[in-house]
Amino acid sequence: MKDYILYISIVFFLSLFASCDRGLLDDMPLNKKSAYDIFKDSTRVDDFVLGLYTYLPGVYNRFDGEAMLSSATDESTQCKAMHGVRSFNDGSLQPTSHPDMIWADAYAGIRQANLLLDNIESLYASTSDEKRNAAINEARFVRAFLYFELIKRYAGVPLLKRTYSYDENPNIPRNTFAECIKFIVDECDSVAKYLPTVQPESQMGRASGVAAMALKARTLLYAASPLFNGPSIEGKNDPIVGYGSYNPNRWEDAAKAASELLQHYPGTIDLYRTGTAIFKYGRGFYTPAGNKELLFVKTRAKDNNIEKINAPVGYTNAIGGVCPSQNLIDAYEMSGGKTYDPNAPYSNRDPRFYATIQYNGATWWDRKVETFMGGLDAEDATLNATKTGYYLRKFSDPEAIIFGATKTGLHYFPYFRVAEVLLNYAEAMNEAYGPETDYFGNGRTAKWAIDEVRSRVSMPSLPEGLSYSEMKDRIMHERQIELAFEEHRHWDLRRWKKAKDILNGLELKGITITRTIDEPTGNITYTYTPKVVEKRVFTDKMYLYPIHTGEILKNKALVQNPLW
């Protein structure tokens, strides 16, 4: 199958690249830039490779500068009414208008990677094989990652493996889903042998061997999942949008890939385990020193933007941002065998709750959060205050101050981390072999993996003797809690084919908190009243994204996804 034309000439392409203010070859006239100018020079090659990473999908509050993808799920909504992912929730998505339509940007990054791969062997002769091979394998990793980002949204897409010129046929059809999966997995297997096993702290954000293996494991997990492993959402055997028929061996492949990653690097990768149970979970997103959990991350310059966007609105310069839902709050278990007290709903919860949620009475910076009516951070405090009674704490560094003598901090959004690998492993093992079968003979069962994730935050192990379906429910729950706000819930509900059941007709809930002060004694009591904040819509066609109408008009061989 021929590859699809996504750019037309090297000189024109490089001019476009420079015009995007990415800092490449700013010292040269645009009409003089060529592949030779870039790839003969090791410094420029490294700049080019670093530029490839900018094409990976954005993270944090990436929609309209404030909204998270979590607000297109049952995890949250946004404080601002007209937020960037609202069309996911009201059913107004269109092939011409979609907040997460990454097709063009992803193929621009693939085009960049192909340009390097097509030219570097012949032109980059002035440096060592080690540097040349590093550039080649990083480019292949980024390209594979971009293809994964495409297939989880669109299923089978055109596989572009080289660059093209004007006179070649641009009308190239989509590859099958199976071809796309094979390409990504083969690329991961190949580059993992040559990339550094892990990157040093100074190079966080660059590809490594464990990152490639993590990408392979996640890709195979998605490929085994119901959305792609069986008939399409129309009930058809469509090789473009999935394999077409169910095959349990795909779960075995996913389990093996995750097992290899966990088995081959003992001591090199591990859960972050420094500090209290809350810090073991929460600090891992902004603490690089000794952090073996982060396998591949999106880095950024030191700032306090995440804190500004998501902090409770009573703090100077705070925006409000993400409002976690009561639906998510209710999913957090009690800790230490405690029973739930409706008069003290935030006591004795899973430690991950305290590292993730800003709730009424939580200590943040120099005071306690006040989301009770009339409080500094309450829904009646200002226009863009919380709708649900909660704000987001996860990813925020308490030392990155947004008021007074401001301070900045480092932030590491995890594309891949060890906890996810453990959860991927647990899911694949349970599907392939059951909850407690030690198939690989190393003691690592599905139950073991879940217990590892839970023990890090001092949560009790799962009970013995769970059935397959009981373990499946526990794995889904554990992913909801452990991976909250990391953009997994959006994709998990789709690949499990659970999104329609959970999101369609969903009442996204919040809480109204009323404070009462007893005048004679000064005692304070709070009353918690549940409320419905929003109702959600999800239809079958939303399991896969639509390809933008403009792409189909340009490439007439493209076929739109089902029901769009």
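User: Before we start, what do local features and side-chain atom pairs need here?
Analyst: This is a predicted model in which local features need pLDDT of at least 70 and side-chain atom pairs count only at pLDDT 80 or more, while totals for chains, interfaces and linings use all residues. Residues are numbered from 1 along each chain as its sequence is written, and side-chain values use heavy atoms, with hydrogens and water left out.

User: OK, how many cavities of 30 Å³ or more are there?
Analyst: The count comes to 7, where a cavity is a set of points, on a 1 Å grid over the protein atoms alone, where a 1.4 Å probe fits but cannot get out. Grid points are joined across faces, edges and corners, and a volume is the space filled by probe spheres set on the points.

User: And what volume does the largest cavity have, and what lines it?
Analyst: The largest cavity has a volume of about 130 Å³, and its lining has 14 residues (those with an atom within 4 Å of a point), of which Lys 152, Arg 218, Tyr 415, Glu 486 and Glu 487 lie nearest its centre. Two or more lining residues come from each of α6 (129-154), α8 (209-224), β8 (413-417) and α17 (488-495), these elements being DSSP runs numbered from the N terminus, helices H or I of at least four residues and strands E of at least two.

User: Which element gives the largest share of that lining?
Analyst: That is β8, with 3 residues.

User: How does the lining split by class?
Analyst: It has 7 nonpolar, 2 polar and 5 charged residues, with Ala, Val, Leu, Ile, Met, Phe, Trp, Tyr, Cys and Pro counted as nonpolar, Asp, Glu, Lys and Arg as charged, and the others, Gly among them, as polar.

User: Switching to helices, how do α6 and α7 cross?
Analyst: The axes of α6 and α7 (residues 177-192) come within 9 Å and cross at roughly 150 degrees, the axes being lines fitted to C-alpha atoms over the stretch in contact and the angles running from 0 to 180 degrees between N-to-C directions. That makes α6 roughly antiparallel to α7, since angles over 145 degrees count that way and angles under 35 degrees count as roughly parallel.

User: Which residues meet there?
Analyst: With contact meaning heavy atoms within 4.5 Å, the α6 side includes Phe 141, Tyr 147 and Phe 148, and the α7 side includes Phe 177, Ile 181 and Phe 183. The contact divides into 11 nonpolar, 2 polar and 3 charged residues.

User: What about α3 against α6?
Analyst: The axes of α3 (residues 42-53) and α6 come within 10 Å and cross at roughly 15 degrees, and the two helices are therefore roughly parallel. Val 45, Val 49, Leu 52 and Tyr 53 in α3 meet Ala 135, Glu 138, Ala 139 and Val 142 in α6.

User: And what angle do α14 and α16 make?
Analyst: Helices α14 (residues 418-433) and α16 (residues 468-482) pack at about 165 degrees with their axes 10 Å apart, and are therefore roughly antiparallel to each other.

Technical notes: On a 1 Å grid over the protein atoms alone, a cavity is a set of points where a 1.4 Å probe fits but cannot get out, and a pocket is an open set with protein on both sides within 12 Å along at least five of seven lines; lining residues have an atom within 4 Å of a point. Angles under 35 degrees count as roughly parallel, over 145 as roughly antiparallel, 65 to 115 as roughly perpendicular and the rest as oblique.
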